[in-house]
Amino acid sequence: MASPIVAMGVSGSGKSTVGAALAQRLRVPFADADDFHPPANIAKMTAGEALNDDDRFPWLEAIGEWLAERCDSGGVMSCSALKHKYRDQLRRHCPNVEFLHLSGTPEVIAKRQASRPGHFMPASLLASQFETLEPLGDDERGLAIDVDQSIDTIVDTYVSQTATRTTEQEF
């Protein structure tokens, strides 16, 4: 049984790029949470306004439904999932979901974000994302990996460490 994976982190951390590469490596479907935002959320972020929990709830429900459909077959979703309670909301749909936290310093992420012209999330909201970010807790299935390395290295690290954890759990 393959667990779905959420590639999570602040805007500019590489969730979509790494998520797509990981899905390709694992030969499972990939989806980008940005595609699940209602138009009102995109308009709000484009205007430089941070989303609140009321804005996020229906968005996270739609993502959770996608994960639930792949609870046994696997898949990769890129989603910020910045707060523990957001990840709890996703887990209510699919309890075995795993998280790949793409972590980096504000300086590294800002540099990466600057190279993404035309994205609806303005760099001005990066500070609020770091303020909101709650790293994975001990009660959460997942792994944090530094984004200041190649996509292949990030994917290789995740796949090898997940395989090691799975093997250890079998004994």
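Visitor: Which residues does a disulfide join here, and how do I read it?
Guide: In general, a disulfide is a covalent bond between the sulfur atoms of two cysteines. The cut-off is a pair of cysteine sulfur atoms within 2.5 Å. In this predicted model, Cys71 is joined to Cys94, S to S 2.2 Å. Searching the whole structure turns up one disulfide. The torsion about the S-S bond of Cys71 and Cys94 is about 110°, so the disulfide is right-handed.

Visitor: Before we go on, what should I know about the model and the numbering?
Guide: It is a predicted model, where local features need pLDDT of at least 70 and side-chain atom pairs count only at pLDDT 80 or more, while totals for chains, interfaces and linings use all residues. Residues are numbered from 1 along each chain as its sequence is written, and side-chain values use heavy atoms, leaving out hydrogens and water.

Visitor: Are Cys71 and Cys94 buried or exposed?
Guide: Buried means under 20% relative accessible area, exposed over 50%, and partly exposed in between, using a 1.4 Å probe and protein chains only. Both Cys71 and Cys94 are buried. Cys79 is buried too, with a relative accessible area of 1%.

Visitor: How do I read the packing of H3 and H4?
Guide: Two packed helices are described by the angle between their axes and the distance between the axes. Axes are lines fitted to C-alpha atoms, for helices over the stretch in contact, with angles from 0 to 180 degrees between N-to-C directions. Helices (H or I, at least four residues) and strands (E, at least two) are DSSP runs, numbered from the N terminus. Helix H3 (residues 53-68) packs with H4 at an angle of about 35°, and their axes are 8 Å apart. Contact means heavy atoms within 4.5 Å; among the residues that meet are Phe57 and Leu60 in H3, and Tyr86 and Leu90 in H4.

Visitor: And what about strands E4 and E5, how many bridges join them?
Guide: Two strands pair if DSSP finds at least two bridges between them. Here five bridges join E4 (residues 98-103) to E5, and the strands run parallel. Phe99 has Gly142 in E5 as its bridge partner.

Visitor: Which phi values are positive without a glycine?
Guide: Arg27 has phi near 55°, and Ala81 about 45°. Arg27 is exposed, at 79% relative accessible area, whereas Ala81 is buried, at 1%.
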